Amino acid sequence: MLPSQPLLHAAAFALAVLQALASDTFTAAVYEHAVILPDATDEPVSPDDALALMNKNMDVLEGAIKEAAQQGAHIIVTPEDGIYGWRFTRETIYPYLEDIPDPAVNWIPCTDPTRFAPAPVQERLSCMARNNSIYVVANIGDKKPCNSSDAGCPSDGRYQYNTDVVFDPEGKLVARYHKYNLFRRETQFNYPKEPEAVTFETPFGKFGIFTCFDILFREPAVVLVSELQVDTVLFPTAWMNVLPFLTAVEFHSAWAMGMGVNLLSANTHNISLAMTGDGLFTPEGPAAYHYDSGTEEGCLLLAELSARPRLSPTYPPAVNWSSFATSIKKFPGEKDTFLGAVRRDIFTFSELRRKAGNYTVCQGDLCCHLIYWMANKSKDEVYVLGAFDGLHGSLIKYHWQV
């Protein structure tokens, strides 16, 4: 008598878990996706048309997930906006949203799709994970009804959130994260009332997750690493490689090295918007990365990573950068600092008066050091090095260190 399909799947999953437990490493994948975008419109499309567009993108993502699993990947991260793109107003994105439950409900959409409201996107993502025995990370939109008893309830009676979901190799929803630090163009979404610090345990370490612009802020990015001690961060992003954010590869690699964690960065790909650059970054540097500003092709990356990098013998020693910055001997002629405002934020500045210099500026515990050489400086130009450490913002308060 042949074993049933559920028993075969359970055996395959158990074997994968045992293999992961037997190793100090795991294989991770990220996919840079050239998103198929919806037509620009001022009117919402039908739910069927919205699902048709999302299925076109999920067809591409499913191919990448299958390939990653065949090459031995335990987890794959896909990009922010990777299933429906952008170009939305609050009204026009609504047909693309689903109600995503709290993972505590212990739900496998692939095997129980009718347990909650219709959720064809979650069902398909769950089946991709289950059928390929791999963790799948995706970015979709969550909708939550509200009413007048909630003082913050929008006038249309619902909250809309930019949301990451994670499905385990059985297809179970194990993580849901609502993006807290929205980029200025994301007016189709609401800010969560409080920042979320989402973590989950795997056979290959403790994982945390956040989205794109979140990486620049203390909550949730620094909290996950410094306070909750995650080993690996999952990072769906739609990163535009323009100043002041630098290129995706350079910035995200530096962040992983500075924070001492693995960062699985999956970017959208759109060369007209300068979106490209993803990678698998570690405390020692990039394990694999990709950058392509010349074609419209997606790209799958895989690499073997340390499951718990802090326990690795090659883990970089901790560095107190403020102590380092203040210990460097000043160049002759370096001037004292002064206070100045950028919008309403009070910065500490040091003017760069010389053609070459060695300057340190501190505000509170945050110290920055700069060695520079100026190729050309006009008499009417003024350059300064500044530091800001504190709360910023009017609509919602961010803790910035700049």
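The model is predicted: local features need pLDDT of at least 70, side-chain atom pairs count only at pLDDT 80 or more, and totals for chains, interfaces and linings use all residues. Residues are numbered from 1 along each chain as its sequence is written, and side-chain values use heavy atoms, with hydrogens and water left out.

**Exercise 1. The protein as a whole**

State how many helices and strands the protein has, and what share of its residues is buried.

Solution. 
- Step 1. The secondary structure comprises 6 helices and 19 strands. Helices (H or I, at least four residues) and strands (E, at least two) are DSSP runs, numbered from the N terminus.
- Step 2. Of the 402 residues in the protein, 49% are buried. Buried means under 20% relative accessible area, exposed over 50%, and partly exposed in between (1.4 Å probe, protein chains only).
- Step 3. Among contacts with a separation of 6 or more, 65% link residues 24 or more positions apart. Contact means heavy atoms within 4.5 Å.

**Exercise 2. Helices α2 and α3**

Determine how the axes of helix α2 and helix α3 are arranged, and which residues meet.

Solution. 
- Step 1. Two packed helices are described by the angle between their axes and the distance between the axes.
- Step 2. Helix α2 spans residues 47–70 and helix α3 spans residues 120–132; their axes come within 10 Å and cross at roughly 15°. Axes are lines fitted to C-alpha atoms, for helices over the stretch in contact, and angles run from 0 to 180 degrees between N-to-C directions.
- Step 3. The two helices are therefore roughly parallel to each other. Angles under 35 degrees count as roughly parallel, over 145 as roughly antiparallel, 65 to 115 as roughly perpendicular and the rest as oblique.
- Step 4. The crossing of α2 past α3 is right-handed: the near helix is turned clockwise from the far one by less than a right angle.
- Step 5. From α2, the residues in contact include Leu51, Met54, Met58 and Ile65, and those from α3 include Val121, Leu125 and Met128.
- Step 6. By class, this contact has 9 nonpolar, 2 polar and 4 charged residues. Ala, Val, Leu, Ile, Met, Phe, Trp, Tyr, Cys and Pro count as nonpolar, Asp, Glu, Lys and Arg as charged, and the others, Gly among them, as polar.

**Exercise 3. Glutamine 122**

Is glutamine 122 buried or exposed, and which residues does glutamine 122 touch?

Solution. 
- Step 1. Glutamine 122 is located in helix α3.
- Step 2. Its relative accessibility is 0%, so glutamine 122 counts as buried.
- Step 3. Not counting residues up to four places away in sequence, glutamine 122 touches Glu98, Asp99, Ile100, Pro101, Trp107, Pro109, Ile140 and Phe167.
- Step 4. Valine 166 is 44 residues from glutamine 122 in sequence, and 9.9 Å from it in space, C-alpha to C-alpha.

**Exercise 4. Residues with positive phi**

Describe the phi and accessibility of serine 133 and of glutamine 229.

Solution. 
- Step 1. Serine 133, in the loop between α3 and β3 (135–145), has a positive phi of about 50° although it is not a glycine.
- Step 2. Serine 133 has a relative accessible area of 24% and is therefore partly exposed.
- Step 3. Glutamine 229, in the loop between α4 and β8 (232–237), has a positive phi near 55°.
- Step 4. With a relative accessible area of 40%, glutamine 229 is partly exposed.
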